[in-house]
Amino acid sequence: MTITRRHLLISSAAAAAAAVLVSRASAAAPPLAKKETYKVGFAQTESNNPWRLAQTASMQAEAEKRGWQLVYTDAAGSAAKQVADVNSMIAQGVDLIFLAPREEKPLIPAIMAAKGANIPVILLDRNVDQTLATAGEDYVTFIGSNFIEEGQRIAEWLVANANGKTTIIELEGTTGSSPANDRKKGFDDVIAQHPEFKIVASQTGDFARDKGRQVAETLLQAHPDANVIYAHNDEMAIGAIAAVEAAGKVAGTDVLILSIDGGKEAVQLVVDGKIAAVVECNPRFGPKAFDTAVAYANGETIPALILNPDQFYDASNAAELLSTAY
Ligand code: GZL
């Protein structure tokens, strides 16, 4: 029988599937040996906004402080490249990988490849589809915020403070990412319990300022009656302010702007009255991430979720807390 290219493709797919099945078979996540210092990977999603830059800076500073070698990669917005980045870290023989999975599903093969190479993975900031990978088995833990709660808190603030502004445009984060999925779920589920509120449009701005501005401009033209914009992050909220003003309206007076991240620029805009409320999502992961790796190496039990507390800012506290914003 001649071996055709089709046979080879089928056999390699079967081998990949078998590898995933095999790697999921073993119950525990790979161990981390106790060492003085480590060579660790940090696979970043992209560097397209201040939040991601702040996260990277925090990880690099912590590695520097501890004298650990950091293998840093930037996937430039591509989940496929992030998978390749993780595979390159595996090939370099890192001791552990810190991964911020850009989207919930495409990074699963990377997590399983690391497990198959006996390299532990700690998820930072973004999570993966929980039906496809399990903390404590396929990766060590997830460190980050409760994105559903972030969306809920913003919606509950709006319900309590709308003063008749109930027609909502939603600017979603990166499609397929856990913060976008969960910030939408948290917000929309609360709004659904209050029939006087209506989400008239919901579209991704990819967590980016200019895309957020463009999408907000388009949606404001389509829905001139909209008087609330809920952005899944500060960058899109700041872009939305520009769109509101380009439409000849006043942010904070004609249109309430709601956001998540709580960077200094957004909290200042709360002080200025242009953003009504923002839930913090702190990007400074370094200390907690590295402490968790050391605790894991020391044999401590690591919980499946290590949740960061998120500050809430509105006109009542923004001026007082501005200096503490990241
Ligand atoms: C949230 C993080 C999000 C931020 C955005 O943990 O993944 O990605 O909210 C960033 O600003 O792009």
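Are Arg-102 and Glu-103 buried or exposed? Keep that in mind while you get set up; we'll select them in a moment. One thing before we start: the model on your screen is predicted.

**Stop 1: the two domains**

Colour residues 7-144 plus 284-307 one way, and residues 147-281 another. These are domain 1 and domain 2 in the domain assignment of the protein chain. Their centres, taken over C-alpha atoms, are separated by 31 Å. Now look at where they meet: 11 residues of domain 1 are in contact with 15 residues of domain 2. About 950 Å² of area is buried between the two domains, and carbon and sulfur atoms give 47% of it.

**Stop 2: Arg-102 and its partners**

Show the side chains of Arg-102 and Glu-103. Here's the reply to the opening question: both are buried. They form a salt bridge, with the closest N and O atoms 2.7 Å apart. Between domain 1 and domain 2, the count is 1 salt bridge.

**Stop 3**

Select Asp-261 and Arg-183, whose closest N and O atoms are 4.0 Å apart in a salt bridge. This pair links distant parts of the chain: Asp-261 sits in strand S9 (residues 256-261) and Arg-183 in helix H6 (residues 178-191), 78 residues apart. Both are buried.

For a contrast in setting, jump to Asp-210 and Arg-213. Their salt bridge has its closest N and O atoms 2.8 Å apart. About one helical turn separates them, because they are 3 residues apart in helix H7 (residues 209-222). Asp-210 counts as partly exposed, at 42% relative accessibility, and Arg-213 also counts as partly exposed, at 22%.

**Stop 4: the largest nonpolar core**

Which residues touch the most other members of the largest nonpolar core? Select Ile-97, Phe-98, Leu-99, Leu-124, Ile-154, Leu-158 and Leu-258, and you have them, out of 70 residues in that core. Helix H10 (residues 286-297) gives the largest share, 6 residues. Check your domain colours too: domain 1 and domain 2 both give residues to this core, so it lies between them.

Zoom in on Leu-158. Leaving aside residues up to four places away in sequence, Leu-158 touches Lys-165, Ile-168, Phe-187, Ile-191, Phe-197, Val-228, Leu-256 and Leu-258. Apart from this core lies another one, of 32 residues, including Ala-201, Ile-241, Val-244 and Ile-257.

**Stop 5**

Finish with strand S5, residues 141-144.

Now show the strands on either hand. Strand S4 (residues 121-124) runs parallel to S5, joined by 3 bridges, and Leu-123 stands opposite Phe-142. Strand S11 (residues 305-307) also runs parallel to S5, again with 3 bridges, and here Gly-144 stands opposite Leu-307.

Methods:
Residues numbered from 1 in each chain as written. Predicted model: local features only at pLDDT ≥ 70, side-chain atom pairs only at ≥ 80, totals over all residues. Heavy atoms only, no water. Core = buried A, V, L, I, M, F, W, Y, C linked by side-chain atoms within 4.5 Å. Buried < 20%, exposed > 50% of the residue type's maximum accessible area, 1.4 Å probe, protein only. Helix = DSSP H or I, 4+ residues; strand = E, 2+ residues; numbered from the N terminus. Domains from an automatic or database assignment. Contact = heavy atoms within 4.5 Å. Pairing = 2+ DSSP bridges. Buried area = accessible area lost by both parts, 1.4 Å probe. Salt bridge = Lys/Arg side-chain N within 4 Å of Asp/Glu carboxyl O.
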